[in-house]
Amino acid sequence: MTSPAGPATPEVPTRRTEILAAAAELFARRGFHGASIGDVGRAVGLTGPALYRHFSGKEAVLAEMLLDISRRLHAEGLRRAAEPEAARALDALLRWHIAFALDNPALITVHERELDNVPETQRHEIRRLQRAYVEEWVRVLRRLRPGLPEDRTRAAVHACFGLLNSTPYSAAALDREAMAGLLHTMARSALTTA
């Protein structure tokens, strides 16, 4: 890992992460109910029954997929929000979330459409992690703009996520670098002038 504003060390893919990535693409394209466990297995060169060595079922795949990304977003949010200078912390959070959004449109789509299919216990944990991630952004923005009321700050952060998480629909029009720059400029402007 690098400094709080720098990129995280990339993870080495495991069989489980390959399965989760393939499932995200299938669930985003076909919907959770439109893709079978056999479809997920075939996407990574396994039979449906062989997939059960890794996951207990399709709901477990979906739950782990969304829990994993929620944990990663929260952990990286904590790390980047720890930057002492509020403006740099905000830029670090923006760079991180923009990179996530541009690199993971299938996960955004699956979360948006399929969270209700996650078993209740895991769904509550996903929501808890998401609230904690939002609160890291709120704390940074309140450091940057101490006069902004907390409820307005939280609403601004949620609106910003709406913009950033629009990438499954908006990112195809520009190359990655141009889209990242556009999202950063728009989000930073919205958050610092709200």
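**Helix packing around α8**

Guide: In this predicted model, helix α8 (residues 150–164) packs with helix α10 (residues 176–193) at an angle of about 165 degrees, and their axes are 10 Å apart.

Visitor: How are α8 and α10 oriented to each other, then?
Guide: Angles over 145 degrees count as roughly antiparallel, so α8 and α10 are roughly antiparallel to each other. Their crossing is right-handed.

Visitor: Which residues meet there?
Guide: From α8 there are A156, V157, C160, L163 and L164, and these meet L183, M186, A187 and L191 in α10. The residues of this contact divide into nine nonpolar, no polar and no charged.

Visitor: What about α5 and α8: at what angle do they cross?
Guide: Helix α5 (residues 86–103) and α8 cross at roughly 40 degrees, and their axes come within 10 Å. That angle makes α5 oblique to α8.

Visitor: Which residues make that contact?
Guide: L94, H97, I98 and A101 of α5 make the contact with C160, F161 and L164 of α8. Here the division is six nonpolar, one polar and no charged.

Visitor: A change of topic: where is L148?
Guide: L148 lies in the loop between α7 (120–144) and α8.

Visitor: Is L148 buried or exposed?
Guide: Its relative accessible area is 7%, so L148 is buried, as buried means under 20%.

Visitor: What is L148 in contact with?
Guide: Apart from neighbours within four places in sequence, L148 is in contact with R142, T153 and A194.

Notes:
Residues numbered from 1 in each chain as written. Predicted model: local features only at pLDDT ≥ 70, side-chain atom pairs only at ≥ 80, totals over all residues. Heavy atoms only, no water. Axes fitted to C-alpha atoms, helices over the stretch in contact; angles between N-to-C directions. Helix = DSSP H or I, 4+ residues; strand = E, 2+ residues; numbered from the N terminus. Parallel < 35°, antiparallel > 145°, perpendicular 65-115°, else oblique. Left-handed = near helix turned anticlockwise from the far one by under 90°. Contact = heavy atoms within 4.5 Å. Nonpolar A, V, L, I, M, F, W, Y, C, P; charged D, E, K, R; others polar. Buried < 20%, exposed > 50% of the residue type's maximum accessible area, 1.4 Å probe, protein only.
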